[in-house]
Amino acid sequence: MVGAQARASSSSLGRNAVRAFSSSISQFFNGIHVFQCPDVVGVVAKLSECIASRGGNINCVDVFVPGNQKTFYSRSEFSFDPARWPRDALESDFQKLGRHFSAERSTVRVPDLDPRYKIAVLASKLDHCLVDLLHRWQEGRLPVDISCIISNHTRARNTHVMRFLERHGIPFHYLSTAPGNKREQEILGLVEDTNFLVLARYMQILSGGFLQAYGKDIINIHHGLLPSFKGGNPSRQAFDAGVKLIGATSHFVTEELDAGPIIEQMVERVSHKDNLQSFVMKSENLEKQCLSQAIKSYCELRVLPYEGRKTIVF
């Protein structure tokens with residue numbers, strides 16, 4: 001009996017020791033910081049000191065200083081212990097760093113602690129980009145929460161898209177449009193609490209008034225058939241013309257049609273061996289990949305505005 005008690009006591013001590021050891025192991029989180037400030041001596045040193053002084057560790061840093069201007073751009077990935085560097089203190093420290101260098105931008109994000117970006121997706125009749133985004137979201141490959149889908153084309157309840165939305169509790173709003181009524185006020189009411197919008201082949205032009213009223217970023221995708229083919233059925237036009245290179249472009253929406261700062265572009269070769277079906281499939285696949293990559297880059301704070309019409313993509 002004494003031996004059994006001793007073994008039980010020893011076992012209990014062992015379990016307590018394991019629990020004590022486990023509790024002493026801190027959980028590290030990964031953070032992302034982007035910085036834009038006048039280029040002066042010591043920026044990198046101060047940035048490193050800010051992280052190291054709190055026990056953090058820099059995992060990688062991308063820096064860009066244009067040759068024609070004295071502006072410093074950086075994106076840093078770092079790991080830290082929130083017990084030593086709480087989230088609110090982390091925010092405060094990077095804001096102090098920004099004030100020290102008169103920074104135009106000093107933004108920090110901790111993906112595992114911060115809320116996901118909330119988005120709404122606008123789509124028209126073509127579903128390939130919308131379906132792709134929904135499946136990537138379902139698989140956890142897009143760090144966003146989808147608040148709703150808005151479309152100017154209705155869909156039958158038994159379609160794949162509608163069944164998916166119903167299964168995951170994502171609202172679908174059908175807003176038919178007319179030349180004199182783009183339903184923009186209603187759209188604004190549906191998206192006011194989102195962080196940004198995604199146009200997944202939404203074939204309506206958003207007015208300058210809408211862009212100003214929304215006031216946040218909008219990401220668009222469109223084909224990049226080379227040379228450019230405008231009007232109806234551009235894929236057929238390009239196929240009939242025998243183009244050898246097709247592409248897709250994802251960009252920010254501005255008042256100038258399809259001319260906003262570019263986030264991502266992808267291209268692929270086609271040849272005489274392609275029929276119309278394979279040609280269209282390649283084009284749509286590029287659009288899906290290009291749009292999802294643009295969203296991912298945006299959420300990971302890789303995209304910075306540069307010289308008005310351009311972007312830096314780290």
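This is a predicted model: local features need pLDDT of at least 70, side-chain atom pairs count only at pLDDT 80 or more; totals for chains, interfaces and linings use all residues.

User: Is R99 buried or exposed?

Analyst: The cut-off for exposed is over 50% relative accessible area. R99 comes in at 57% relative accessibility, so the label is exposed.

User: How far apart in space are R99 and V198, C-alpha to C-alpha?

Analyst: Along the sequence, R99 and V198 are 99 residues apart. In space, their C-alpha atoms are 33 Å apart.

User: Which residue in β7 stands opposite I149?

Analyst: Strand β6 (residues 144-151) runs parallel to β7, and three bridges join them. Opposite I149, the residue in β7 is F172.

User: Let's do charges. Which residue meets R201 in a salt bridge?

Analyst: R201 is in the loop between β8 and α7 (208-214), and at 11% relative accessible area R201 is buried. Its contacts beyond four places in sequence include A123, H128, I221 and E287. The side chain that meets R201 in a salt bridge, at 3.0 Å from N to O, belongs to E287.

User: How many residues apart in sequence are the parts that this pair ties together?

Analyst: Both R201 and E287 are buried. R201 is in the loop between β8 and α7 while E287 is in helix α9 (residues 276-299), so the parts tied together are apart in sequence by 86 residues.

User: What about E49 and K46: how many residues apart are they in helix α2?

Analyst: Their side chains meet in a salt bridge with an N to O distance of 3.9 Å. Both are partly exposed, E49 at 47% relative accessible area and K46 at 36%. About one helical turn separates them in helix α2 (residues 43-52), because their spacing is three residues.

User: R183 and E186 also form a salt bridge. Which of the two counts as buried?

Analyst: The N to O distance for that pair is 2.5 Å. E186 counts as partly exposed at 38% relative accessibility. Buried needs under 20%, and the residue at 17% is R183.

User: How many salt bridges does the structure hold?

Analyst: Some of them form a network linking R75, E77, K296, E300 and R302. Over the structure, the count is 19.

User: Last one. What's the area of the nonpolar patch made by V44, V61, V63 and V65?

Analyst: One member, V61, lies in strand β2 (residues 57-64), and V61 is partly exposed at 37% relative accessible area. Patch residues need over 30%. Together, V44, V61, V63 and V65 make a surface patch of about 270 Å².

How values were computed
Residues are numbered from 1 along each chain as its sequence is written. Side-chain values use heavy atoms; hydrogens and water are left out. Patches are made of residues with over 30% relative accessible area and no salt bridge: like charges are joined within 9 Å, nonpolar side chains (Val, Leu, Ile, Met, Phe, Trp, Tyr) within 5 Å. Accessible areas come from the Shrake-Rupley method with a 1.4 Å probe; for residues, only the protein chains shown count as cover. A salt bridge is a side-chain nitrogen of Lys or Arg within 4 Å of a carboxyl oxygen of Asp or Glu. Helices (H or I, at least four residues) and strands (E, at least two) are DSSP runs, numbered from the N terminus. Buried means under 20% relative accessible area, exposed over 50%, partly exposed in between (1.4 Å probe, protein chains only). Two strands pair if DSSP finds at least two bridges between them. Contact means heavy atoms within 4.5 Å.
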